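Subject: Structure handover

Hello,

Here is the structure I promised you. Please open it first, then read my notes below.

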Amino acid sequence: MGIRYDWQEAEIQDIYNRPFLELIYQAATVHRQYHNSQEIQVCKLISIKTGACPEDCGYCAQSSRYKTEVKPQALMDKETVVNIAKQAQANGVSRVCMGAAWREVKDNQQFDQVLEMVREVTDMGMEVCCTLGMLTENQAQRLAEAGLYAYNHNLDTSREYYSTIISTRTYDDRLNTIENVRQTNVTVCSGGILGLGESVTDRISMLHTLAHLQPHPESVPINILSQVPGTPLANNPDVPIWDVVRMIATARIIMPTSDVRLSAGRARLSPVEQALCFMAGANSIFSSDDGKMLTVTTPCPGYDTDHEMLNLLGLTMRPPFVGQQKRQESCELCRE
Ligand code: SAM
Ligand code: DTB
Ligand code: SF4
């Protein structure tokens, strides 16, 4: 079956609700048609500017609206970022994702500094991703010129549920930024979070929106809420692993060429649970030597722990730019 952009919500719901083992089997089958199932992309997150964010995202440790453990930190200097990237590269990491707790990018000297970081880490032969909040088309273009490989901007949840979680921007603001990135050759990374108190219908609705983007986002992060003390969602219950696997498998089946990333919340999954996620089509993870995802409050497995797990499962770390080669090949095929 080819790539579809016309999935109906009812079809997606049927997939999500399939008997569990059937669902994994089908997702694993699709995964093998489009990807090298022996490879996992390993990424490193760097919080280049931390905390004091004016937005009110109800899950986030970095919003200035909530009293959390996070200590605000100004923009990192380039050398620090490059050193972290070098260490990551030495550990087999192929993608570096730079996150800034900004509502939007402003055309100022700080943005110029970020462009420099993008240039330098790209020159090291790594895929660089940024997540800096809202972007104009011109800013997306400048990032593209600096060599940026991907831009992360999550939809987080359904259009219907969005305003329950975030009031300082709209779903359309999110889609606009994604559209601005699409005007350039930077790839799109967009997904969501499980555990915000959303219903299964909200999950389906978000997947429906993502699967109607044409082309599909090249990468789709599935985050598991990491409950941050001080935020409105601090006491939300843990997401059952079954829901995580169902979400990954459904994303894999409806967006077969995308990388599906098992993102925040992986630290609380056992290797067996993670293996189930990989079987269901997840093929990307974040790993870190400092034990945190972006901020102190959300743990992340370390490089050594992950090397051990990947070895145990017979998986290897994917080299950089594999996705790009694949896209070029399929483009050439469709021109023939
Ligand atoms: N400020 C930028 C923005 O919001 O686009 C980028 C940084 S933000 C940390 C990137 C994504 O991380 C969010 O969209 C959300 O999906 C995820 N995230 C943030 N806090 C989280 C948490 N406590 N648990 C799980 N995922 C989280
Ligand atoms: C994404 O979807 N997940 C990553 C990345 N994109 C930027 C971020 C997870 C953040 C976890 C919360 C924290 O560490 O503060
Ligand atoms: Fe700010 Fe991003 Fe956190 Fe929202 S998710 S509060 S925009 S850093």
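Start with a definition: on a 1 Å grid over the protein atoms alone, a cavity is a set of points where a 1.4 Å probe fits but cannot get out. A molecule sits in a cavity if more than half of its atoms lie within 2 Å of its grid points.

The model is predicted, so to speak of local features we need pLDDT of at least 70, and side-chain atom pairs count only at pLDDT 80 or more, while totals for chains, interfaces and linings use all residues; side-chain values use heavy atoms, without hydrogens and water. Residues are numbered from 1 along each chain as its sequence is written, and chains are lettered from A and ligands numbered from 1 in the order in which they are written.

**Ligand 1**

Ligand 1 sits in the largest cavity. It has 17 residues around it (a heavy atom within 4 Å). The closest are T131, N154, D156, R174 and S226. By class, nine of the shell residues are nonpolar, six polar and two charged. Here Ala, Val, Leu, Ile, Met, Phe, Trp, Tyr, Cys and Pro count as nonpolar, Asp, Glu, Lys and Arg as charged, and the others, Gly among them, as polar.

Now the polar contacts (pairs of N or O atoms within 3.5 Å). A backbone N or O atom of Y59 lies 3.1 Å from a nitrogen atom of ligand 1. For A100, a backbone N or O atom is 3.4 Å from a nitrogen atom of this ligand. N154 uses a polar side-chain atom, 2.9 Å from an oxygen atom of ligand 1. Alone, ligand 1 exposes 550 Å², and the protein buries 90% of that (Shrake-Rupley method, 1.4 Å probe).

**Ligand 2**

Where does ligand 2 sit? Ligand 2, too, is in the largest cavity. Among the residues around it are L45, T131, N152, F286 and M293. N154 places a polar side-chain atom 2.8 Å from an oxygen atom of ligand 2. Taken alone, ligand 2 exposes 410 Å², of which the protein buries 87%. Its shell holds six nonpolar, six polar and no charged residues.

**Ligand 3**

Ligand 3 sits in the largest cavity. Around ligand 3 are C53, E55, C57, Y59, C60, S63, A101 and R169. Five of these are nonpolar, one is polar and two are charged.

Best wishes

Methods. Polar contact = N/O pair within 3.5 Å; in protein donor to acceptor, adjacent residues only side chain to side chain. 1 Å grid on protein atoms, 1.4 Å probe; cavity = no way out; pocket = protein on both sides within 12 Å on 5 of 7 lines; lining within 4 Å.
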